[in-house]
Amino acid sequence: MKSFDRVARIYQLLERAAFGRALERARFRYLDRLADCREILIVGEGDGRVLERLLSIAPHASVRCIDSSAAMLDLARRRLETTARMRVQFECADARAADVDPMACDAVVTMFLLDCFSAQEVVRLVDRLGRGLRPNGLWLFADFSIPAAGWHRVRAKLLVRFLYAFFRWQTGLAVRELPPSEDILRDAGFHVLESTTLRGGLLRTAVYSRTRRRA
């Protein structure tokens with residue numbers, strides 16, 4: 001998978017033009033569930049909007065922030081004041097190759113990341129990242145989704161097809177369809193604690209854990 005460097009500086013403008021603030025609402029919906037976390041792993045952070053808000057919500061947390069795009073990481077760094085930046089370990093790496101120590105973090109955050117991989121790659125990625133979670137750890141997930149039926153399903157399929165075509169052109173993204181990421185999370189032993197759908201089911205955001213406790 002190639003990097004998103006080419007679109008990094010215009011990504012927020014493109015997103016707002018296409019979706020308004022809907023993707024931000026999906027990303028931010030459950031960040032407050034991580035307020036008491038001490039070690040957080042964000043994979044595929046993008047331009048730093050989640051990171052900036054999370055550092056404020058979780059004032060005692062240290063964050064490992066992984067993204068394959070150096071330009072995106074540079075934008076994320078620039079969003080932060082010096083004291084906040086000192087709490088973050090920035091790492092330019094492909095999520096599929098990043099080393100994650102067992103039980104190293106209280107939470108994993110993947111926002112609009114898993115749709116960049118094939119189903120087989122998501123299976124391996126969920127296994128690797130899942131092993132990095134401590135008992136009772138949380139996985140915050142947000143991504144595109146295809147509704148089950150009706151006009152919203154038709155619209156979502158057309159829009160997702162367009163998005164894959166655009167990012168294939170701009171970044172070399174090889175994937176052409178959404179992987180069943182939430183099915184894969186459930187097959188790996190994760191349970192939904194809370195979830196929200198937006199834009200008629202086009203967007204899904206959820207809190208997962210391997211325990212069924214309340215988030």
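I count two strands as paired if DSSP finds at least two bridges between them. Helices (H or I, at least four residues) and strands (E, at least two) are DSSP runs, numbered from the N terminus.

Ground rules for these notes: this is a predicted model, where local features need pLDDT of at least 70, side-chain atom pairs count only at pLDDT 80 or more, and totals for chains, interfaces and linings use all residues. Residues are numbered from 1 along each chain as its sequence is written, and side-chain values use heavy atoms, with hydrogens and water left out.

**The sheet.** I looked up the strand order and found seven strands in an open, mixed sheet: β3-β2-β1-β4-β5-β7-β6. Its edges are β3 (88-92) and β6 (191-198), each pairing on one side only.

I followed β6 to β7 (residues 203-209); the two run antiparallel, joined by seven bridges. T196 has T205 in β7 as its bridge partner.

**Strand β1.** Next I checked the neighbour β2, which runs parallel to β1 through five bridges. Here I40 stands opposite V63 of β2. I then asked myself why β1 is largely enclosed by the rest of the structure. Four of its five residues are buried (buried means under 20% relative accessible area, exposed over 50%, partly exposed in between, with a 1.4 Å probe and protein chains only).

**Helix α1.** My last stop was L14, which lies in α1 (residues 11-19). At 34% relative accessibility, L14 counts as partly exposed.
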